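Please read the sequence and the model below side by side. The report that follows goes from the overall fold to single residues.

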Amino acid sequence: MALYNDKVMDNFLNPKNVGEIENPDGTGVYGSPVCGDMMQIQIKVENDVIKDAKFKTFGCGSAIASSSMATSMIIGKTIDEALEITNKQIVDELGGLPPVKIHCSVLADHAIKSAIYDYAQKNGKTYKGLEGFDPNADDDDDHHDIGEE
Ligand code: FES
C-alpha cells in the first residue's frame, strides 16, 4: 500500500527551490519539537512581494516535500498573503500526508513565518499575520487544526 501519493513523492524526489539565497532579506530556521528535524527557509522580498524563496531541510521526506511545496506557494505572493498560508493548505496542495506526518508540514509553515519575522525585524515592519508570533516557540499545536475540520 502506498503511504505517499504521487505529488508528495514528486516533491520529495524532485524538490523545487532547494538551496540558499545570496543576501537574503529574511531567514527562518525551525526545529520540530516532535522529531528534532530542522528546516531553513530564506526569502528575497521586493516591495512587499516575495520574489524568491529557497529551503534547506535536514529532515524526513515529508518535510522536504512540504518545504518544496511551501516555497513554491509563497513565491510571487505578498507578505500578507504568504502569512495567511497554513500548514493545512500545504498538506492540501500536496494531496494529503499520512496523519503521523502532519507535523512535518508545520515545520514549513513555521519556517516561512520565521523568515518573514526576520525580514520584518530587520526592516522595522509589522504585519497583522505576525501578531503574537514567536519564532522560538514550540508551536507544534498548529497541526491540531487539521484534525478538527
Ligand atoms: S519526521 Fe521530522 S519533519 Fe518529518
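## Basis of the model

This is a predicted model: local features need pLDDT of at least 70, side-chain atom pairs count only at pLDDT 80 or more, and totals for chains, interfaces and linings use all residues. Residues are numbered from 1 along each chain as its sequence is written.

The mean pLDDT (the predictor's confidence in each residue, from 0 to 100) is 92. A value of 70 or more is reached by 92% of the residues. Residues 142-149 stay under 50. For that stretch the model has 11 contacts beyond four places in sequence; a contact means C-beta atoms, placed from the backbone, within 7 Å. Where pLDDT is low, the predicted coordinates should not be read in detail.

## Overall fold

The protein has 6 helices and 3 strands. Both are DSSP runs numbered from the N terminus: helices are H or I with at least four residues, strands are E with at least two. Their order along the sequence is α-β-β-β-α-α-α-α-α.

Along the principal axes, the C-alpha atoms fill a box of roughly 50 × 30 × 25 Å. Of contacts with a separation of 6 or more, 64% join residues 24 or more positions apart.

## Strands and hairpins

S1 (residues 26-31) pairs with S2 in the antiparallel sense over 6 bridges. Pairing requires that DSSP finds at least two bridges between the strands. Tyr30 has Met39 of S2 as its bridge partner. The hairpin of S1 and S2 has 6 residues between the strands, and Gly36 there takes a positive phi near 85°. In a regular strand the side chains alternate between the two faces of the sheet. S1 has a covered face of Gly26, Gly28 and Tyr30. Its uncovered face holds Thr27, Val29 and Gly31.

S2 and S3 are also antiparallel, with 9 bridges. Gln40 is bridged to Lys56 in S3. Their hairpin has 2 residues between the strands. Asn47 lies in this loop. Its phi is near 50°, positive in a residue other than glycine. Asn47 counts as exposed because it has 7 C-beta neighbours inside 10 Å.

Buried residues make up 38% of the 149. A residue is buried if 20 or more other C-beta atoms lie within 10 Å of its own, exposed if 12 or fewer, and partly exposed in between; C-beta atoms are placed from the backbone. A nonpolar core is a set of buried Ala, Val, Leu, Ile, Met, Phe, Trp, Tyr and Cys residues joined through C-beta atoms within 7 Å.

The largest such core has 33 residues. Met39, Ile41, Ile43, Leu107, Ala111, Ile112 and Ile116 touch the most other members. At least two residues each come from S2 (38-46), S3 (49-58), H2 (61-74), H3 (79-83), H4 (87-93) and H5 (102-123). H5 gives the most, with 10 residues. Leaving aside neighbours within four places in sequence, Ile116 contacts Gly26, Ile43, Ile79, Ala82, Leu83 and Leu130.

H2 has 14 residues and reaches 20 Å from first C-alpha to last. That is close to the expected 20 Å, where the expected span is 1.5 Å times one less than the number of residues. The helix is mostly covered, with 11 of 14 residues buried. Among them are Ser62, Ile64, Met69 and Ile74. The buried residues pack against H1 (6-13), S2, S3, H3, H4 and H5.

Ser68 is found in H2. It is buried because 25 other C-beta atoms lie within 10 Å. Beyond four places in sequence, Ser68 contacts Asn11, Pro15, Lys16 and Asn17. Ala53 is 15 residues from Ser68 in sequence and 9.7 Å away, C-alpha to C-alpha.

Asn17 sits in the loop between H1 and S1. Its phi is positive, about 65°, although Asn17 is not a glycine. With 19 other C-beta atoms within 10 Å, Asn17 is partly exposed.

Technical notes:
Two residues are in contact if their C-beta atoms, placed from the backbone, lie within 7 Å.
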